[in-house]
Amino acid sequence: MIQRERIADNVYSFQSEVYAQVTAGAIIGPNWAVVVDTLALPEESLAIRDFIEQELNVPVRYVVNTHSHADHAWGNCFFPGVTIIGHPLCRELLDTKGRAAMDDARRGNPSLRNAKILLPHMTFSSGELNLRVGKKTLTLFPLPGHSADNIAVLVEEDRVLFAGDAAMPLPYIVDGDIDELTTSLKKVARMGLENIVQGHGDIVLRGEIDSFVKENMAYLSNIRKVVRRANKRKYPQEVLDEANVESCGKSRVLIGGLAAELHRRNLRALYRQLYGEVPATPEYYDDDEEEEYNDEE
């Protein structure tokens with residue numbers, strides 16, 4: 001159900017084979033372990049816990065939620081007795097939207113019958129928070145853009161960054177901010193990393209990091225241009241519809257084939273953030289009317 005990869009000594013990543021290639025991680029010390037994100041499905045969360053506590057024979061003491069989204073935080077409850085760390089907004093969103101969303105999801109998914117929302121016990125919103133796990137130093141810091149509550153975990157000695165959804169094969173800003181994500185990507189590029197564990201998708205290796213950042217920055221620039229161009233039209237939806245994910249520099253097969261739909265949501269969300277709701281295109285609309293509007297402009 002999950003793929004496990006050893007990234008460095010006592011540092012692991014886990015990737016879901018069920019939903020959107022979402023990832024989690026673990027840093028193992030001699031006496032206890034830290035888990036980064038807990039995935040969405042109980043079976044996946046329990047598989048991570050069993051690997052750490054039964055195969056490696058150390059208890060999980062801390063769980064870090066990189067942000068509040070279901071596929072990263074709904075497995076918290078399957079790590080009883082741990083201290084959960086997150087952003088204050090992560091706690092707030094889980095307590096409000098998270099509870100309501102889980103109630104809805106539970107009705108259609110029997111596997112969630114024993115799941116419940118567990119909130120972060122310890123929060124921070126700026127600066128850094130450090131944890132020592134055996135010989136590993138973990139530095140936690142905000143890395144917003146995908147969402148306002150996204151935080152990252154850097155394993156200092158190994159230069160491995162668990163970036164949450166600030167790093168994805170296709171940047172996703174529906175709950176976030178394009179300018180903040182651009183700033184976060186620039187920060188990641190300057191960190192001298194060996195590996196980036198994306199919130200979804202495969203690990204980005206040292207030799208791939210520069211191109212990964214440039215490609216994601218280019219995509220964000222491209223969707224901004226599309227939205228600006230759309231805003232110059234009387235009925236912008238046509239421009240948004242024509243700008244498919246490939247025309248903006250990304251493949252539709254990314255993230256388990258979800259990229260095209262996520263891209264469509266990105267365009268609508270960015271238009272809404274910059275200009276308000278996208279005006280509906282009337283049924284009687286034709287190109288001649290648009291040409292007359294452009295002439296007036």
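I began at Thr182, whose side chain reaches the backbone oxygen of Ile178 at 2.9 Å. I count that as a polar contact, meaning a pair of N or O atoms within 3.5 Å; within protein, one must be able to donate a hydrogen and the other to accept it, and residues adjacent in sequence count only if both atoms are side-chain atoms.

A note on what I am looking at: this is a predicted model, in which local features need pLDDT of at least 70 and side-chain atom pairs count only at pLDDT 80 or more, while totals for chains, interfaces and linings use all residues. Residues are numbered from 1 along each chain as its sequence is written, and side-chain values use heavy atoms, with hydrogens and water left out.

**Entry: Thr182 and the helix pair**

I placed Thr182 in helix 4, residues 178–189. Helices (H or I, at least four residues) and strands (E, at least two) are DSSP runs, numbered from the N terminus. Is Thr182 buried or exposed? Thr182 counts as buried because its relative accessibility is 18%; buried means under 20% relative accessible area, exposed over 50%, and partly exposed in between (1.4 Å probe, protein chains only).

Next I looked for what Thr182 touches beyond its neighbours within four places in sequence, and found Met217 and Leu220. Contact here means heavy atoms within 4.5 Å. Thr182 and Met217 are 35 residues apart along the chain, yet 6.5 Å separates their C-alpha atoms.

Axes are lines fitted to C-alpha atoms, for helices over the stretch in contact, and angles run from 0 to 180 degrees between N-to-C directions. On the helix 4 side, I listed contact residues including Ile178, Leu181, Thr182 and Leu185; on the helix 5 side, Val213, Met217, Leu220 and Ile223 are among them.

I then traced an open sheet of seven strands in the order 1-2-3-4-5-6-7, with mixed pairing. Strand 1 (2–8) and strand 7 (122–123) each have a single partner strand, so one side of each is left without a neighbour in the sheet. Two strands pair if DSSP finds at least two bridges between them.

Strand 1 and strand 2 run antiparallel, joined by six bridges, and Arg4 has Phe14 as its bridge partner in strand 2. These two strands form a hairpin with two residues between them, and Asn10 in the turn has a positive phi of about 65°. Strand 2 (residues 11–16) also pairs antiparallel with strand 3 (residues 23–28), over five bridges; there Tyr12 partners Ala26. Helix 1 (residues 42–55) packs on this sheet and touches strands including strand 4 (33–36) and strand 5 (60–64).

**Entry: His67**

I found His67 in the loop between strand 5 and helix 2 (70–73). His67 counts as buried because its relative accessibility is 0%. Its side chain makes a polar contact of 3.4 Å with that of His69. Not counting residues up to four places away, His67 touches residues including Asp37, Cys90, His146 and Asp165.

Strand 11 (residues 160–162) and strand 12 (residues 195–197) run parallel, joined by three bridges, and Leu161 stands opposite Ile196 in strand 12.
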